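Reader: I'm new to this one, could you walk me through it?
Author: Gladly; here is the model to look at while we talk.

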Amino acid sequence: MRRIRVWDPLVRLFHWSLVGLFAANSLFVDEESRLHHWVGYTVVGLVAVRLVWGLTGSRHARFSDFPPSVSASLEQVSDLASGRTPLHVGHTPLGALMIYNLLLFLLVIGGSGWLMTTDAFWGVEWPEQVHEAAVLWVQICVGLHVAAVLWESRRTGINLPKAMVTGYKDVPHA
């Protein structure tokens with residue numbers, strides 16, 4: 001095995017902070033409380049920091065390292081179907097699509113949640129419907145993300161959760 005530095009401290013702090021805050025707000029914090037609002041604002045702030053870091057951060061944190069690509073995603077699906085396991089040091093193509101999806105819908109949750117607190121949209125039904133649908137979608141996607149990480153860890157022999165804790169991937173020698 002060789003050790004490759006992949007995830008910088010900011011990416012790891014962002015990831016685990018987001019895990020905790022989203023879980024807290026969607027599962028434990030009373031949705032009518034001020035704490036729910038402030039946790040939501042913090043999530044939006046984290047996403048904003050991650051967007052800036054995606055343009056200016058370390059190599060594997062940059063969006064240019066994992067551009068959204070339908071063709072690369074289809075190639076990854078083909079690899080999965082055929083049993084090929086090419087090394088992806090950073091995010092896989094399907095992982096990249098999931099990240100963009102999650103970042104977008106976390107902003108939708110934050111924006112719709114904020115709209116519900118404004119005078120103009122207080123009591124209006126559609127922002128709450130958008131908010132609830134987006135929360136459900138992100139919960140589903142988080143479940144898929146966790147399942148995919150566990151599947152890929154087993155399939156490739158690379159402990160992906162450990163890499164998101166330590167910042168290093170231990171990969172088989174080529």
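**Helices and their contacts**

Author: Phe 14 is found in helix α1, residues 9-28, where helices are DSSP runs of H or I with at least four residues, numbered from the N terminus. This is a predicted model, so local features need pLDDT of at least 70 and side-chain atom pairs count only at pLDDT 80 or more, while totals for chains, interfaces and linings use all residues. Residues are numbered from 1 along each chain as its sequence is written, and side-chain values use heavy atoms, with hydrogens and water left out.

Reader: Is Phe 14 buried or exposed?
Author: Phe 14 is buried, with a relative accessible area of 11%, since buried means under 20% relative accessible area (1.4 Å probe, protein chains only).

Reader: And what does Phe 14 touch?
Author: Leaving out residues up to four places away in sequence, Phe 14 touches Leu 46, Val 47, Arg 50 and Leu 103, with contact meaning heavy atoms within 4.5 Å. The C-alpha atoms of Phe 14 and Leu 46 are separated by 6.6 Å, although the two are 32 residues apart along the chain.

Reader: Switching to α2, which of its residues are buried?
Author: In α2 the buried residues are His 36, Val 39, Val 43, Leu 46, Val 47, Arg 50 and Gly 54, and these pack against α1, α4 and α5.

Reader: Last one: which way is the crossing of α4 and α5 handed?
Author: The crossing of α4 and α5 is left-handed, meaning that the near helix is turned anticlockwise from the far one by less than a right angle.

Terms used:
Helices (H or I, at least four residues) and strands (E, at least two) are DSSP runs, numbered from the N terminus. Buried means under 20% relative accessible area, exposed over 50%, partly exposed in between (1.4 Å probe, protein chains only).
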